[in-house]
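Visitor: I am new to this structure and would like a close look at a single part of it. Please start from one residue, take your time, and then connect it with what lies around it.

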Amino acid sequence: MEEQKKNKIIAKKTVNIRELFNAFLAFVILALVVEVIILVTTKMVGWNPTVSGRPWVVSAHVHILVLGAMFSLVMILLDKSINITKAKNFYAFFVVYLVGFSLLLAFILYKGFTQLLGGVAISGLLQAGAAVAHVTMFVALFMFCAVLKNALGIVKNNNKSNNKNDEKVESESNASEKN
């Protein structure tokens, strides 16, 4: 029985609007938690922004809100209007996007907290990790373009079939009026 559940979980390759909303909500909560942690940490270490400048870790909050929460809202709106979650490869895009975003966020937090705490970041790790994270995000965004094109094609095809049905109904009504 347990193996059947496991197979069902593995076989699931779709994302529904509830999961997109849950992702949005998780990103908003994560942004608030990260901001509180940043504020507490800067107060604890005595970071003075007028002397030391703005800490790098602050950009994590903005990245979570824009790339996480706002992009999730855009996907929710697209799903309501053109059913983007039903498009080919949406699940693959979503997984690649979340992996790339997680990597990006991890390296922003790593660099930011090492700056705040006065440590020295391992530059090779930071540069390579940031490069991998950005490349993964670019791949995800290109995949999103392909998914969006596919979803728009689905809508276009549906509109064509609706137009043909409308024309058929219209021609039938014109024929009945002539009789």
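Guide: The residue to begin with is T136, which lies in helix α6, a helix that spans residues 123-178; helices here are DSSP runs of H or I with at least four residues, strands are runs of E with at least two, and both are numbered from the N terminus. Before going further, please keep in mind that this is a predicted model, in which local features need pLDDT of at least 70 and side-chain atom pairs count only at pLDDT 80 or more, while totals for chains, interfaces and linings use all residues. Residues are numbered from 1 along each chain as its sequence is written, and side-chain values use heavy atoms, with hydrogens and water left out.

T136 is counted as buried because its relative accessible area is 16%, and buried means under 20%, exposed over 50% and partly exposed in between, with a 1.4 Å probe and protein chains only. Leaving aside residues up to four places away in sequence, T136 touches V96, G100 and L103, where a contact means heavy atoms within 4.5 Å. A131 lies in helix α6 as well, but with a relative accessibility of 40% it counts as partly exposed. Between the C-alpha atoms of A131 and L104 there are 9.0 Å, although the two residues are 27 places apart along the chain.

From here we can turn to the largest nonpolar core, which has 35 residues, and in which M75, I84, F90, F93 and F94 have the most contacts; such a core is a set of buried Ala, Val, Leu, Ile, Met, Phe, Trp, Tyr and Cys residues joined through side-chain atoms within 4.5 Å. Two or more residues of this core come from each of α2, α4, α5 (90-116) and α6, and α5 gives the most to it, with 9 residues. In soluble globular proteins, nonpolar side chains tend to be buried together.

Helix α4 has 25 residues and reaches 35 Å from its first C-alpha to its last, close to the 36 Å expected at 1.5 Å a residue, the expected span being 1.5 Å times one less than the number of residues. After α4 comes N83, whose phi is positive, at about 55°, although N83 is not a glycine. N83 sits in the loop between α4 and α5 and is partly exposed, with a relative accessible area of 45%. That loop also holds N89, another residue that is not a glycine and yet has a positive phi, here of about 70°; N89 is partly exposed too, at 48% relative accessible area.

Not counting residues up to four places away in sequence, V57 touches I38, L109, G112, F113, Q115 and L116. V57 and T114 are 57 residues apart in sequence, while their C-alpha atoms are 9.1 Å apart in space.

L25 lies in α2 (residues 17-45) but is partly exposed, with a relative accessible area of 38%. Together with F21, I29, V33 and I37, L25 forms a nonpolar patch on the surface, with about 430 Å² of accessible area in all; areas come from the Shrake-Rupley method with a 1.4 Å probe, and for residues only the protein chains shown count as cover. Residues in such a patch have over 30% relative accessible area and no salt bridge, and nonpolar side chains (Val, Leu, Ile, Met, Phe, Trp, Tyr) are joined within 5 Å, like charges within 9 Å. A salt bridge is a side-chain nitrogen of Lys or Arg within 4 Å of a carboxyl oxygen of Asp or Glu.

Stepping back, the chain has 6 helices and 0 strands, and 28% of its 179 residues are buried.
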